[in-house]
Amino acid sequence: MPRPPFWPKRPSKPSSAPAYVNASRVQLRRAMERFAAETPSGSRVLDAGAGTSPYRRLFRRHHYEASDFAQLPKKYAPLDYVCDITAIPTEDDRFDRVICNQVLEHVPEPAQAIRELYRVLKPGGLIFCSAPLFYAEHQRPYDFYRYTQFALRRLFTEAGFEIASIERLEGVFGTTAYQFQQMWLFLPRTVDDLRQLNVGGRIVYLAPFVLGTRWMAGHLRKLYSAAEVRWKYVGHGMPKNWVVIARKPNPVLDERATIRRRSADESGRS
Ligand SMILES: C[S@@+](CC[C@H](N)C(=O)[O-])C[C@H]1O[C@@H](n2cnc3c(N)ncnc32)[C@H](O)[C@@H]1O
């Protein structure tokens, strides 16, 4: 892709202000910590589309296995399975837990991927899956979709899962921080950058307006990301990502639980 004329040529000067933190990754780490803490020791866990396996250490009490198709020119952690997410070379019902973070947007056939994750998960096992609703194109050309909560509910239930929860990964402060971050990254940086856009005499009022907007965005992205890390405000507004936790039904255990519930109800009535 051709670079816009104002694309950064070198990293900007170090600033004394607090660093910009990717608040979504902070929230994802927190959610993964909770999920790992609730996963019984010794469970077998698959990280599907693991990349650099950023959450491997959270599963050190478990049998952690990583899979990825490893097609991108980037670093990958050691992988147990180099494969497409739609064809994982393991037996059915192998894993107690599956995690799949920030992968579904890259898969051309997401329904097939979710059916495959269902296949390798044990009955009664849980999947934790995060996927973006709002994020710039990345890992091109392997970037196909963004997801609403309704699409995720449909994809998971059609594969056979029971939904335990679908929640916002971050609140509106995190989404706002990301928008300011985009402004700071991609708005023109200097009067010369603006001149390259052939704006003529309008540069007189465009320059303070555009450069001032970018300057302000540089500060606001840090404030809003700090606010997201401190307070996850989900009263309204759009998240960047949704998190699905879903369960593969276990017909035997579910039948027993139904019988126990029925007999408890009957003894309560009599
Ligand atoms: C945005 S990265 C996320 C990596 C990691 N899960 C994380 O949370 O940092 C997406 C990953 O999905 C992998 N991926 C993309 N398409 C895939 C496919 N069809 N099958 C398996 N892995 C895939 C990429 O190689 C990449 O490592």
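The legends below describe close-up views of a predicted model.

Residue numbers start from 1 along each chain as its sequence is written. In this predicted model, local features need pLDDT of at least 70 and side-chain atom pairs count only at pLDDT 80 or more, while totals for chains, interfaces and linings use all residues.

**View 1. Overall layout of the protein.** Seven helices and seven strands make up the secondary structure; helices (H or I, at least four residues) and strands (E, at least two) are DSSP runs, numbered from the N terminus. Their order along the sequence is α-β-β-β-β-α-β-α-β-α-α-α-β-α. The C-alpha trace spans about 85 × 45 × 30 Å along its principal axes.

**View 2. Domain 1 and domain 2.** Domain 1 takes in 23-170 + 239-257, and domain 2 covers 177-224; these bounds come from an automatic or database domain assignment. Taken over C-alpha atoms, the centres of domain 1 and domain 2 are 38 Å apart.

**View 3. Packing of α4 against α6.** Helix α4 (residues 172-186) and helix α6 (residues 203-230) have axes that come within 8 Å and cross at roughly 155 degrees. Axes are lines fitted to C-alpha atoms, for helices over the stretch in contact, and angles run from 0 to 180 degrees between N-to-C directions. α4 and α6 are therefore roughly antiparallel (under 35 degrees counts as roughly parallel, over 145 as roughly antiparallel, 65 to 115 as roughly perpendicular and the rest as oblique). The crossing of α4 past α6 is left-handed, a term for a near helix turned anticlockwise from the far one by less than a right angle, with right-handed for clockwise. Residues of α4 in the contact include Phe173, Phe180 and Trp184, and those of α6 include Ala217, Leu220 and Tyr224; contact requires C-beta atoms, placed from the backbone, within 7 Å. Nine nonpolar, six polar and three charged residues form the contact of α4 with α6. Ala, Val, Leu, Ile, Met, Phe, Trp, Tyr, Cys and Pro count as nonpolar, Asp, Glu, Lys and Arg as charged, and the others, Gly among them, as polar.

**View 4. Packing of α2 against α3.** The axes of helix α2 (residues 110-120) and helix α3 (residues 149-159) lie 9 Å apart, at an angle of about 50 degrees. This makes α2 oblique to α3. α2 passes α3 in a right-handed crossing. Pro110, Ala111, Ile114, Arg115 and Tyr118 of α2 meet Leu155, Phe156, Glu158 and Ala159 of α3. By class, this contact of α2 with α3 has seven nonpolar, no polar and two charged residues.

**View 5. Surroundings of the ligand.** The ligand is surrounded by 17 residues, of which Gly49, Gly51, Phe69, Asn101 and His106 are the closest; a residue counts as near if its C-beta atom, placed from the backbone, lies within 6 Å. Nine nonpolar, six polar and two charged residues make up this shell.

**View 6. Backbone details in two loops.** Arginine 140 and proline 141 are joined by a cis peptide bond, with omega about 0 degrees. Proline 141 sits in the loop between β5 (121-132) and α3. Serine 53, not a glycine, has a positive phi of about 50 degrees and lies in the loop between β1 (44-48) and β2 (63-68).

Key
Contact = placed C-beta atoms within 7 Å.
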